Amino acid sequence: EGIERLRYTTSHPMEMSDDLIALHGEEPKVMPYLHLPVQSGSDRILKAMNRKHDGAHYRGIVERLRATRPDIALSTDIIVGFPGETEKDFEATMQLVRDVTFASAYSFKYSPRPGTPASGMGAQIDEAVKTERLARLTALLSDQQRGFNASMVGRALPILVTGRGRKPGQMQGRSPYQQGVHFADTSSRPGDIVSVRIEAATQGSLSGSLVGAARATEVA
């Protein structure tokens, strides 16, 4: 009682049990947004990273999640330029991103860390190659994030108010999909849930107008 939104921290693909997946469809308090790191779309690279999942397993989780909760949005972590990564391996990552479609993502170039097994591996990738691959991946992920945010325009979303916005008379909050939302309002308080009709979207945030008064003070 008194808690209306539940989120949990980064989940590992191997921890996505049938019960946890089912919960996303059974419990409305669990928000339709999940961070599910994949790291790479190449099975060969995933094995070299000592990950316990492969591309087919990851795609299967996504398919089951979306069958259970069709409106679920996903974010992920991806590393490019892991030792031994070929252009074919990188293209497998790009294809997985195209297949899954992410609402947001965190992508990084691999960098050796002293004492880790990967730092002693041969076939370290040239820095220029890593930079070029990351640029291609970032462009694809950015397109997907802009598309996802644009799909919110015209919808009225329940927004968890988090505080005042940067402009006078403005408040800010979070959508169920973890998007930052700005809207004109002076009466709501942090913790309230208000209905906001989304009128504009950028890659990084949404903006709109208040269409419903505060519903309840929320702990989340």
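Predicted model: local features only at pLDDT ≥ 70, side-chain atom pairs only at ≥ 80, totals over all residues.
I started with Lys 130 and Glu 127, whose side chains meet in a salt bridge at 3.3 Å, N to O. By salt bridge I mean a side-chain nitrogen of Lys or Arg within 4 Å of a carboxyl oxygen of Asp or Glu. Lys 130 and Glu 127 are 3 residues apart in helix H5, so about one helical turn separates them. Helices here are DSSP runs of H or I with at least four residues, strands are runs of E with at least two, and both are numbered from the N terminus.

Residues are numbered from 1 along each chain as its sequence is written, and side-chain values use heavy atoms, with hydrogens and water left out.

Is Lys 130 buried or exposed? I found it buried, with a relative accessible area of 5%. Glu 127 is partly exposed at 43%. Buried stands for under 20% relative accessible area, exposed for over 50%, and partly exposed for what lies in between (1.4 Å probe, protein chains only).

How many salt bridges does the structure hold? I get 12.

One of them joins Arg 133 to Glu 87, with the closest N and O atoms 3.6 Å apart. This pair links distant parts of the chain: Arg 133 sits in helix H5 and Glu 87 in helix H4 (residues 87-100), 46 residues apart. Arg 133 is buried, with a relative accessible area of 6%, whereas Glu 87 is partly exposed at 38%. Both also belong to a network of salt bridges that links Glu 85, Glu 87, Glu 132, Arg 133 and Arg 136.

I also looked up Arg 69 and Asp 71, whose side chains meet in a salt bridge at 2.7 Å, N to O. Arg 69 is buried at 18%, and Asp 71 is partly exposed at 32%.

**Entry: the three-stranded sheet**

Next I traced an open sheet of 3 strands, with parallel pairing and the order S1-S2-S3.

For pairing I go by DSSP, which must find at least two bridges between two strands. S1 and S2 run parallel and are joined by 3 bridges; Leu 34 has Leu 74 in S2 as its bridge partner. S2 (residues 73-80) also runs parallel to S3, with 6 bridges between them, and Asp 77 stands opposite Tyr 106 in S3.

Helix H5 (residues 127-150) packs on the sheet, touching S2 and S3, and its direction makes about 175° with that of S3. For such angles, axes are lines fitted to C-alpha atoms (for helices, over the stretch in contact), and the values run from 0 to 180 degrees between N-to-C directions. Contact here is heavy atoms within 4.5 Å.

I then asked how many residues of S2 are buried. It is 7 of the 8, so S2 is largely enclosed by the rest of the structure. From S2 the chain crosses through H4 to S3, and this β-α-β crossover is right-handed. That means the path from the first strand over the helix to the second runs clockwise when the strands point away from the viewer.

**Entry: two phi angles**

Most residues other than glycine have a negative phi, and I noted two exceptions. Gln 39 has a positive phi near 75°. Gln 39 lies in the loop between S1 and helix H2 (43-48), and counts as buried at 11% relative accessibility. Thr 101 has a positive phi near 65°. Thr 101 lies in the loop between H4 and S3, and counts as partly exposed at 39%.

**Entry: the whole protein**

Last, the overview. I find 5 helices and 8 strands, in the order α-β-α-α-β-α-β-α-β-β-β-β-β along the sequence. The C-alpha atoms fill a box of roughly 60 × 40 × 30 Å along the principal axes. Of the 220 residues, 43% count as buried.
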